[in-house]
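This report walks through a model from the whole chain down to single residues. Keep the coordinates open while reading.

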Amino acid sequence: MDSLEIAGRHFNSRLMVGTGKFSSNTAMQQAIEATASEIVTVALRRVDINNPGDSMLQHIDRERYLLLPNTSGARDAEEAVRLARLARAAGCEPWIKLEVTPDPYYLLPDPIETLKAAEILVKDGFNVLPYMPADPVLARHLEEVGTVTLMPLGAPIGTNRGLRTRDLISIIIEQANVPVVVDAGLGAPSHAAEAMEMGADAVLVNTALADTANPITMGEAFKKGVEAGRMAYLAGLGPQRDKAEASSPLTGFLREE
Amino acid sequence: MNLLINGEQRTLEKGTTVCTLLNQLQLQPERVVLELNRQILSAAQGSETELHEGDQLEIIQFVGGG
């Protein structure tokens, strides 16, 4: 498959994966391995000082994967910027998946605070990958402030409902000059394939893998879905028609015309 | 002296350094990132920094997330 380029860096895989909600770290590692992903996301949280758990860093091979910290939990631009800087201070490369989600029920990204945070973080030297509503106008504004991707949602985070924002994502793809990564809501390999067939540059999944009885098999299924979708996009889908067009010859029938 | 560590009230001996505290909590410095009174503590300055009455310390680490 052709490679994905983000901020001058090339990736063979067009599937990014999250590390949340897996039943165990081993299940998470094996599922990610099966996806052949090269970019994995992590979150930052307070250590429980009464019961310090493992750091996720112990379970991710950073030679192999680009660690993409997110700013999940941030309710406004200020909190997102604070989290991004902490991630960088923790020794991560300055890549940040910007998430600003003030609404706890649907976790929808706040367009205004996301744009504000993006501008600050780009100026601060970060490669900003913003999780965003599927809004083509906002996409333009984010590109203007210098984000290295656009990450519109297919459906709310963790819902597995697929590409509900299809028509708007299609406009974003048409207008974008940076890679478009469909993030959130993709629950099946067919959803991922659909996004890729439309010309999305990559997709990101987490819940779809973590929330199944067999994350390893599902990881491989998503890998194939993404590859199939990309190949179909590169080949070019045939046109849709209203009326039937026979695939078999319309001559030589065994009857008199 | 009283401090707020990750939002919880804690009483520490006067003169405790960040390094001593992390040891007490059995946390490895390279696995966490620290913020003291909203300022990030770099790895270099971090461990020798002395804590004071009323300080607010955040000890953060990476967890799974999407």
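## Terms and source

Two strands pair if DSSP finds at least two bridges between them. Helices (H or I, at least four residues) and strands (E, at least two) are DSSP runs, numbered from the N terminus.

This is a predicted model; local features need pLDDT of at least 70, side-chain atom pairs count only at pLDDT 80 or more, and totals for chains, interfaces and linings use all residues. Residues are numbered from 1 along each chain as its sequence is written, while chains are lettered from A and ligands numbered from 1 in the order in which they are written.

## Chain A overall

Chain A holds eight helices and 10 strands. Its C-alpha atoms fill a box of roughly 85 × 40 × 35 Å along the principal axes. The radius of gyration, taken over C-alpha atoms, is compared with a globule rule of 2.2 Å times the number of residues to the power 0.38. For 257 residues a compact globule would come near 18 Å; chain A has 20 Å, which agrees.

Of the 257 residues in chain A, 46% are buried. Buried means 20 or more other C-beta atoms within 10 Å of the residue's own; exposed means 12 or fewer, and partly exposed lies in between, with C-beta atoms placed from the backbone. Contacts are pairs whose C-beta atoms, placed from the backbone, lie within 7 Å. Among chain A contacts between residues at least 6 apart in sequence, 62% join residues at least 24 apart.

## Helix H3 of chain A

The buried residues of H3(A) include Glu113(A), Thr114(A), Leu115(A) and Leu121(A). Their cover includes helix H2 (77-89), strand S6 (95-98), strand S7 (127-132) and helix H4 (136-145) of chain A. Just after H3(A), Gly125(A) takes a positive phi of about 95°.

## The contact between the chains

Chain B gives 21 residues to the contact and chain A gives 27. On the chain B side, strands S3 (33-36) and S5 (56-64) each supply at least two residues. S5(B) has the largest share, seven residues.

Strand S4 (residues 39-46) of chain A runs antiparallel to S5(B), joined by five bridges. Leu44(A) sits in S4 of chain A, and its bridge partner in S5(B) is Phe62(B).

## Leu44(A)

Why does Leu44(A) count as buried? Because it has 24 C-beta neighbours inside 10 Å. Beyond its neighbours within four places in sequence, Leu44(A) is in contact with Pro69(A), Leu83(A), Leu86(A), Ala87(A), Ile60(B) and Phe62(B). Lys97(A) is 53 residues away along the chain from Leu44(A), and their C-alpha atoms are separated by 12 Å.

Technical notes. Two residues are in contact if their C-beta atoms, placed from the backbone, lie within 7 Å.
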